[in-house]
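Welcome, and please open the model in your viewer. Have your selection tool ready, and take the stops one at a time.

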Number of protein chains: 2
Amino acid sequence: MHNDSKHIASAFDRDLEAIQAMIMKMGGLVEAAIKDAAQALEERDVELAEKVREADKAIDQLEEDVNEEAARLIALRSPTASDLRTVLTVMKISTNLERCGDYAKNLAKRTGVLVNMRPIEGAAPSIRRMAREVEEMLKLALDAYIQRDVSMANEVRHRDLDVDQMYNALFREFLTYMMEDPRNITACMHLHFIAKNIERMGDHATSIAEQVIYLTTGELPEDARPKGDLTSQAAGAEDL
Amino acid sequence: MHNDSKHIASAFDRDLEAIQAMIMKMGGLVEAAIKDAAQALEERDVELAEKVREADKAIDQLEEDVNEEAARLIALRSPTASDLRTVLTVMKISTNLERCGDYAKNLAKRTGVLVNMRPIEGAAPSIRRMAREVEEMLKLALDAYIQRDVSMANEVRHRDLDVDQMYNALFREFLTYMMEDPRNITACMHLHFIAKNIERMGDHATSIAEQVIYLTTGELPEDARPKGDLTSQAAGAEDL
């Protein structure tokens, strides 16, 4: 067993790299989906929204492929505890990415509804800014994974607080619009969901970052999973 | 290797049973959390809501324990492809349960906000009914897992359509209350989130059921992940 360990390790590494390549591809597709979905919303572009909905199938397929290949890798190479942890992390990251893809698809679906309502001034650009922030966080989180870079991972966690703040501001804004004019209510309900879903994508990027920290240091950050959605509570200080 | 296989298999089974016992314990805690959270909302019982928030820590801890034990089991026993699939499924189920626990906690948090607002007539009992349905679905999904019972798993999937319908009805109801009186808007936004989160718990129960089907038959149901939230789209027929 020990004589073979070097050979086994490199076969493992080669297989792992193939799976990581799938993760990076998934990441690229998810980033594009977020960007396109936000643009479709802002430009009221139903065709682009439809494209996002279609593209989600490829993301779902990649997640299945990652899970299958990871299970195959474990069964075939019987990785050591530390290598095993890496493979399980990769599987979790693919789940995080798949969820983000679902949220982007949901955003695109709601665009199809929102084009039939009168626009809420300023909402779409705010949402696009929030989406861009989340898109960058995802990219950073995946880079942090590939480079096992804890400081990059920590930056992702830090930036998630900005996203939460953007969401909280939008929540208050939508409340105001609804109270001003009941005809805004339905559109604002949809926009609010969109904002919430983007905030959740930020949580998934943060979750990837936390897994990188766990993988690299062996410990989760003490204040893991900071949740900045203040709208769910009275005071909220505990969550910052 | 082959001479040992029977011995290895039974050691694997023993370890797996220990992990499954943790899953069942998690399931019990999550079911209690959903029930208590819905009751706290209906009776405007802030203390009970606080209890739900506290209890979530035990659920989170169990998820970590399941992941650790499962990784240890894989590393130690190098399970066959089929046993490995079971362990990976158990890990996914624990993630589903942990997410449900988070949603129950979020529900409890919002109760703390809602007690300071005037009640929306009929909302809390409707939400409690929806929560009870989801609680039963979770119980059924876990029983289906333990008994590898595909027909029970299919019942869970079927009942999820009811939950989606309950959610869609509540969404429309909340819209009406908001349009009738702007003073209802803030409370309805919170109630709507609560309803959406319960609907998501139903999706997690369904996801557990689908994993049971995959584990037992080797195939995911063709129409896996039916999403019944019609509010995100114009027509919605595709999703039923």
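Predicted model: local features only at pLDDT ≥ 70, side-chain atom pairs only at ≥ 80, totals over all residues.

**Stop 1**

Begin by showing chain A and chain B side by side. How are they related? A rotation of 180°, with 0.0 Å of shift along its axis, places chain A on chain B with an RMSD of 0.0 Å. The two copies are therefore related as by a two-fold rotation axis. To find where chain A comes nearest to that axis, select Ser78(A): of the C-alpha atoms in chain A, the one of Ser78(A) is nearest, at 2.9 Å. Both copies also use the same surface, as 100% of the contact residues of chain A recur in chain B.

**Stop 2: Ser78 in chain B**

Now move over to chain B and select Ser78(B). You will find Ser78(B) in the loop that joins helix H2 (46–77) to helix H3 (81–114). Look at its backbone: the phi of Ser78(B) is positive, about 40°, although this residue is not a glycine.

**Stop 3: Arg148 in chain B**

Next, stay in chain B and select Arg148(B). This residue sits in the loop between helix H4 (123–147) and helix H5 (150–180). Here is another backbone angle to check: Arg148(B) is not a glycine, yet its phi is positive, near 45°. With a relative accessibility of 30%, Arg148(B) counts as partly exposed.

Notes:
Residues numbered from 1 in each chain as written. Chains lettered and ligands numbered in written order. Heavy atoms only, no water. Helix = DSSP H or I, 4+ residues; strand = E, 2+ residues; numbered from the N terminus. Buried < 20%, exposed > 50% of the residue type's maximum accessible area, 1.4 Å probe, protein only. Least-squares fit on C-alpha atoms with pLDDT ≥ 70 in both. Contact = heavy atoms within 4.5 Å.
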